[in-house]
Amino acid sequence: MKQRGILVLLACLLIFPSVCRAHWLDHQELPEWARRGYCQWGHGANINGRIHWTENGYGVDLPNIHLIRYCGRNLMQTITYLDEEARRVGESAGVRRQPYICSKTIWWRNEFPKAPQLERCTILKPDGTRVLLYNNPERYGGCYSSPIWLDYVKQRVDSLLAKPGGEVHSIFFDNCMNYDCHCAECHARFKEYTREKFGREMALSPSDKSPDYLFARRMFDADEAVRFFQEIRRHLNTRHREGILISPNIGIGYGWSSYLVNRGATDLVFIEEGFTFPPFESTVLKYKLGLAASHGKTVGQLLGLPQGLRRQRALALDEKHEMGILEAFVYPEEHKLALAEAMATNGTNCVSFALREQKITANDAPYQVQNREAIHQYSAFHQRHLPLFDRAQPAARVAVVHAVVTELGRYNTRTALQQATRALERAGVPYEVLVEEDLEPEQLRHYRLLILPEVYCLNRERCQALEEWLKRGGALVQLGSLAQADELGRAYPAGRLPLVGHLAEADPAEIGAGRVWLPSRSLDEMPARTFLAELQRLAGPLERAETRSPRLFCNLLRSRDGKSLTAHLVNSDFSYTLPPTGDIQDDDGLPEARTFLSTPAARIRKVLRVPEPAKARDLYLKFVSATCGVATDAFSLVVTFNGQEIATIPGSWLNDGPGEGIPVPPGLIREENEVVFRVTGRPNSHPDWVAFHVDTNATSRRSWWSGDGGKSWTQEDLSPDPGTQQGEVMVRLGPRDDPERVATPEEFEGRLRVNPARDIDLYLNAGARPPVAVFRTPEGVERRITPRVRGGMAIYRVPEVPIYGLLILNGA
Ligand SMILES: [Zn+2]
């Protein structure tokens, strides 16, 4: 019976490929519990604020499992039950367990003697020497192309499943990243791969700089990783049991990660964003990218506070714990916002019970209680409205295309993509993200306006679909290049370019009833009103949220049964007042942006005023910086104070954060003091760079940036990051900071103000007779909202959204 089902499914796949590639699918190949909108992810556990680590994950006792349930989690990463009762309660409540395996590391000192075959499957450099993972001399990496490594990871799976700690429903595979491997297996397979896929045998050679080679090389690496994880999945399902899901730590948004997600290397899309937390940075785009690339699988993000903030809020330090921080203060409103962004996009926030800054505990300190109450409140709201979230469908009629293959094989499309999505968010226009294979007639039918950022590689079939859609009245915004090569990166011959590859030559272009716009300047620099006006000129009236509040995000979903349209409103306008520090400073302690030093030519300059230099004693220079966490001594940070070098700090030291500051020799202090930061040695884009935080609200104009070794300086854009960053680099003078100092919750309590978004006009296509809507917030607001109708659109006026609000239109 089962066999036959598979045959029928295969037949469907062959005959109707587009049906099976539709945008957000139900994914009936996965167990029911894994479905998007239902699955609520969590991470780890603690007991009395301390990690109880077992050989099979973070230990969970009875109070813990009650807490996990209270916080609405039903899939728990890396936990293990400590006793039968905890296990009984967890499993009978439907909590799924997802233990951990590293998919890459060989701790060679320990593992080589036990498994000598591993010496033949390590990732090799072109010269045949071994690659060190994270530059750690103890860690080699296993090559995904090697059958020896595949067998070994299968053994890791077998031994994991034999361990105690509860039933396994899914496995998390960590360290799933790409290394440019030159082992014998990779050499042989690459030849075969290029012969089959590109019709031309290529040799693995770092000296080959041709675009074809680089494209093939990246695609090969990614396809090998996909094959590796599919083999692991097959092993799980044949050797163990069906329905154990895999979830490699792939992430999303980069070529490698989006391609792997898109090609089925994961069942549950996991995104680790250890330095991201709203309101400091929005998380909505990553959910959207994950949902698009996976066509609607569960997408979860594990978040952490930005580095400087995390240290500032540290409540307890522990050298052995992650980055030395055992626990940090997080506001309940911040947790609510993180959950709101996930709900609004149909993703899931991996609430952490183990990470330093968000250690949700069963303990009873007031800040601990308020956090779990906040998470409970938002999770319970989600649970009450489950039919609206359970396998919801996207409902926006504007989409931005994430060019997965272009991003993988050719170059960065992210900058343009982020510009587009930021501009849409500022203009209040709900949007969805599509990937290349969504550019087919059945999907395109749903969209009025498409933004295509750097979609360089697009096959003829998709170009054709795009062209047809345009001719029938579609509106297209082209950012950068479009359709210059096929999906294997091979440039279309001159004279045989698809029509949509020509749009740049005729602006403003019209094709049939369709319209095209190629903005002549960066969308980051365009006022929201201008951008919206341009879009509406192109596509007619658009669904949108209009408000004077500065940080409102709006998303549209439709319930799976199609009966309800939901508008999700998320307000992230938070303001903080921080305790006074005694420092000489221009910033308010809260970074909104960063700048970074990753080349020897980059410079940051800051001027600090000391009112009475003669009286200045024991001043320390302090700066709020961050690294990727694994920066090495390949570079050093050099600090010059009034023309004199006062410190040279090795890259690895910067991983621990700023420390106590740098003592400034008293004779150097003047009324106006110039500080210059630069890096020496061999800095690079990963992992050897250092970022400085920027307070974009500060207006004292005492920060400069130089990209040419200090020949010229600018205040108009302090950072190589996309967009323009102005304000103040967070550099200060003040008394020595005690590196052991920790904060108390009382220093932060009452210092966050949420500025609710007010008087929001939601313009929706809700039919000729738009229904009265219901508006609800997790905090208990409930009201009916009667729309006005103007120009064919229904306008719903929502008086106030504190953090999250849900507008439900039944029958729209
Ligand atoms: Zn290899």
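Contact here means heavy atoms within 4.5 Å. In the predicted model, Asp 587 meets this criterion with Asp 695, Ala 698, Met 730, Val 731 and Arg 732, when residues up to four places away in sequence are not counted. Asp 587 lies in the loop that runs between β28 (574-576) and β29 (593-597). With a relative accessible area of 5%, Asp 587 falls under the 20% limit and is therefore buried. The Asp 587 side chain also forms a polar contact with the side chain of Arg 732, at 2.5 Å.

The protein chain is divided into four parts: domain 1 (2-384), domain 2 (397-411 + 421-539), domain 3 (543-579 + 752-812) and domain 4 (593-734). Domains 2 and 3 are each assigned as two segments. A distance of 42 Å separates the C-alpha centres of domain 3 and domain 4.

Turning to the nonpolar cores, the largest comprises 149 residues, and Leu 260, Phe 531 and Tyr 804 have the most contacts inside this core. The element that gives the most to this core is helix α8 (residues 211-240), with 12 residues. Apart from neighbours within four places in sequence, Leu 260 is in contact with Cys 176, Ala 222, Ala 225, Val 226, Ile 250 and Ala 265.

Terms used: Residues are numbered from 1 along each chain as its sequence is written. This is a predicted model: local features need pLDDT of at least 70, side-chain atom pairs count only at pLDDT 80 or more; totals for chains, interfaces and linings use all residues. Side-chain values use heavy atoms; hydrogens and water are left out. Domain bounds come from an automatic or database domain assignment. A nonpolar core is a set of buried Ala, Val, Leu, Ile, Met, Phe, Trp, Tyr and Cys residues joined through side-chain atoms within 4.5 Å. Buried means under 20% relative accessible area, exposed over 50%, partly exposed in between (1.4 Å probe, protein chains only). Helices (H or I, at least four residues) and strands (E, at least two) are DSSP runs, numbered from the N terminus. A polar contact is a pair of N or O atoms within 3.5 Å; within protein, one must be able to donate a hydrogen and the other to accept it, and residues adjacent in sequence count only if both atoms are side-chain atoms.
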